[in-house]
Amino acid sequence: MRAVQAQEFGGPEVLKRVELDPPEPAVGAAVVAVHAVDVLGLDIAIRSGDAAESFGVAPPYVPGDGVAGTVVAVGDGVDRQLVGRRVVTTTGTQGAYAERVAVSAEDLVTVPDGLKLAAAAALVHDGRTALALIEAAAIRPGERVLVVPAGSGLGLMLVQLARLAGGTVVAAARGAEQLAAATAAGATRVVDAASSDWTVQLGESVDVVLDGVGETTGCAAFEVITSGGRYLSYSGKPGPEPDEARRRDVTLFGTEVVHLGSSGATRRLTERVLGEAAAGRVRPVIGSIFPLEGAAEAHAAFERGGLVGRTLITAAEVDAMAGHDELIGLVERFSQGFAAADAELLTGLWAGDEEALVYVAGERARPLRTRGEIARYHRETLDPVGSVDTAEVTDLSVEAAGDRGRVFFRFRFAGREAASDERFEVDIRITAIARRRDDQWVLVHYHESSPGPV
């Protein structure tokens with residue numbers, strides 16, 4: 001079977017494609033055909049050698065932990081009806097960058113019908129970790145919740161879950177794409193954490209801080225918590241002093257919140273977040289999907305930073321993954337551009353010199369052809385938008401075949417106009433045609449059923 005090994009500790013280049021014997025299921029175990037694996041900071045730390053001793057890993061080894069796939073075989077003592085079931089599981093820090101992986105059958109969690117395996121893979125760690133933090137924070141309706149960083153897969157899941165809990169979410173991220181993603185996920189206010197006065201831009205104090213950075217950034221976030229608030233740090237790095245927290249009547253939570261300990265707690269949180277995603281109440285944001293042979297490239301991209309959402313590696317054939325899930329990602333990036341009122345983000349999704357005319361806003365008398373014309377249209381359309389409070393994609397339908405795809409969706413968002421500060425609400429029905437160009441989906445045709453966003 002195809003697999004990727006870290007043949008020594010070092011940079012991404014130590015990850016090499018190899019052929020290994022497929023695993024056989026032992027007593028109490030199951031073999032899963034791997035569809036997708038999440039890429040974590042821990043994967044990078046072990047591969048570099050920094051965390052290898054702590055986790056008992058020695059090269060050569062197959063990296064990867066969080067898996068979504070289909071059960072293809074079971075060992076003695078395991079229910080045979082599991083074969084064919086779509087599941088998520090974890091491997092214990094290694095073994096997942098392969099076409100097959102053997103795991104304890106007790107650790108398998110069924111993926112609900114209607115939820116894509118790629119989405120499930122993105123939730124294996126991010127979903128249960130975010131739920132554990134939200135439950136510990138005990139957010140009450142109307143409380144202000146600061147999420148930092150908000151542009152990662154975990155951060156964007158925290159934004160969504162905090163909002164579902166009734167919180168008003170403020171988000172700190174870096175760069176236009178991450179800020180747009182946080183807005184699309186439901187953040188009411190977003191600030192660029194790269195700015196020296198980012199905490200000042202938050203405005204009022206906050207009741208809860210969900211901090212995945214620690215150190216200087218975490219301490220700055222701590223300063224904006226109101227008396228009686230809660231500060232939850234999951235970075236594992238130094239943060240506020242306990243004595244200062246007691247003086248200000250702020251409750252501190254550390255990494256013990258996300259170290260779940262029992263398999264029962266892990267299963268409960270995993271099942272719950274998969275159910276929330278299947279019901280459409282949350283949606284994991286998948287930034288990039290790399291083929292198994294591109295594992296080194298995936299690690300390099302992760303190390304460069306600035307990614308939006310969760311990065312995945314797929315052991316499935318690329319064509320099988322390249323349809324529905326990547327088209328959903330294209331729709332998410334489109335909604336992020338609208339939510340951030342950013343014409344350049346929107347324009348970047350379009351193919352270049354395309355023969356087919358593009359009709360927007362339902363006006364066939366107003367066809368557009370070039371990216372420049374499309375950019376001007378989006379700038380004019382978004383010019384009245386001052387701020388966006390909520391933004392969501394609903395009624396999403398996706399069709400993909402080869403290098404062509406079609407999506408139908410409603411994009412609903414609300415905010416305030418720039419000039420009058422009056423509130424507006426918009427419900428746009430959109431049909432879009434996409435094609436694969438240079439191994440990614442781009443828009444080539446688009447039609448709105450409403451006259452524009454304001």
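In this predicted model, Arg 47 and Glu 303 form a salt bridge, with 2.4 Å between the closest N and O atoms. The two partners belong to distant parts of the chain, 256 residues apart: Arg 47 sits in helix H1 (residues 41-48) and Glu 303 in helix H10 (residues 295-304). The count of salt bridges comes to 22.

**Exposure of the Arg 47 and Glu 303 pair**
- Arg 47 has a relative accessible area of 1% and is buried, because the cut-off for buried is under 20%.
- Glu 303 is partly exposed, at 40% relative accessibility.

**Helix H9 to helix H3**
- A salt bridge joins Arg 272 to Glu 135, and their closest N and O atoms are 2.8 Å apart.
- Because Arg 272 lies in helix H9 (residues 263-278) and Glu 135 in helix H3 (residues 126-137), this pair ties together parts 137 residues apart in sequence.
- Arg 272 is partly exposed at 38% relative accessibility, and Glu 135 is also partly exposed, with a relative accessible area of 34%.

- The side chains of Arg 17 and Glu 19 meet in a salt bridge with an N to O distance of 2.6 Å.
- Glu 19, at 52% relative accessibility, counts as exposed, because the cut-off for exposed is over 50%.
- Arg 17 counts as partly exposed, at 41% relative accessibility.
- Both residues belong to a network of salt bridges that links Arg 2, Arg 17, Glu 19, Glu 99 and Glu 293.

How values were computed: Residues numbered from 1 in each chain as written. Predicted model: local features only at pLDDT ≥ 70, side-chain atom pairs only at ≥ 80, totals over all residues. Heavy atoms only, no water. Salt bridge = Lys/Arg side-chain N within 4 Å of Asp/Glu carboxyl O. Buried < 20%, exposed > 50% of the residue type's maximum accessible area, 1.4 Å probe, protein only. Helix = DSSP H or I, 4+ residues; strand = E, 2+ residues; numbered from the N terminus.
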